[in-house]
Amino acid sequence: MADLPACPSCSGAYTYEDGTMLICPECAHEWSASGAGEEDTAIRDANGTPLRDGDNVTVIKDLKVKGSSSVVKVGTKVKSIRLVGGDHDIDCKIDGIGAMKLKSQFVKKV
C-alpha cells in the first residue's frame, strides 16, 4: 500500500485515492493527487487575477439583488472584500445596498 499524505483539512491519516483525487473519509475533504497546491484553490476575478482579503474590486455586470427590486450596476466599486468558501466566494458591503455575497467571476480587481 502506498504512503498517502495526511488530509490537509483535518490531518486525518486514513486518506484514499479515487482516480486522480485523494479523499479523507473523516471530513470528506477532496484534493488533487498531483500536488498542485494552493494555486488551484486561489480565488480569481473575471480576468484571472488572484484576489486576496482586503482587495478593492469593481462589478463588471449588472447584478440583480435576490429578494429585492434593486440592482448592483456595472462599475460599482466594492472596497475591502473578504474571501470565503462556497459558490458565492466574496463577502462585502456595498454602499446603498448593504452586506452581500458576490461571485468572483462578476468582479475585476482595481
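The questions and answers below take these topics in turn.

Modeller: This is a predicted model, so local features need pLDDT of at least 70 and side-chain atom pairs count only at pLDDT 80 or more, while totals for chains, interfaces and linings use all residues. Residues are numbered from 1 along each chain as its sequence is written, and side-chain values use heavy atoms, with hydrogens and water left out.

Colleague: Which strand gives the most to the lining of the largest pocket?

Modeller: A pocket here is an open set of points on a 1 Å grid over the protein atoms alone, where a 1.4 Å probe fits, with protein on both sides within 12 Å along at least five of seven lines; lining residues have an atom within 4 Å of a point. The lining includes D62, H88, M100 and F106. Two elements give two or more residues to this lining, strand 5 (63-64) and strand 10 (98-102); strands are DSSP runs of E, at least two residues, numbered from the N terminus. With three residues, the most is given by strand 10.

Colleague: How much space lies in the largest pocket?

Modeller: The volume is the space filled by probe spheres set on the grid points, which are joined across faces, edges and corners. For the largest pocket this comes to about 260 Å³.

Colleague: Which strands stand at the edges of the sheet?

Modeller: Two strands pair if DSSP finds at least two bridges between them. Three strands form an open sheet in the order 7-4-11, with antiparallel pairing. Each edge strand has a single partner strand, so one side of each is left without a neighbour in the sheet; these are strand 7 (77-78) and strand 11 (107-109).

Colleague: Which residue in strand 7 stands opposite V57?

Modeller: Strand 4 (residues 57-59) runs antiparallel to strand 7, and two bridges join them. Opposite V57 stands V78.

Colleague: What is the phi of A28?

Modeller: Most residues other than glycine have a negative phi. A28 lies in the loop between strand 2 (21-23) and strand 3 (30-32). The phi of A28 is positive, near 65 degrees.

Colleague: How far from C10 is the nearest cysteine sulfur?

Modeller: A disulfide is a pair of cysteine sulfur atoms within 2.5 Å, and by this rule the count comes to zero disulfides. C10 is in no disulfide, and the nearest cysteine sulfur, that of C24, lies at 3.6 Å.

Colleague: Is C92 buried or exposed?

Modeller: Buried means under 20% relative accessible area, exposed over 50% and partly exposed in between (1.4 Å probe, protein chains only). C10, at 34%, is partly exposed. C92 has 7% relative accessibility, so C92 counts as buried.

How values were computed. Helix = DSSP H or I, 4+ residues; strand = E, 2+ residues; numbered from the N terminus.
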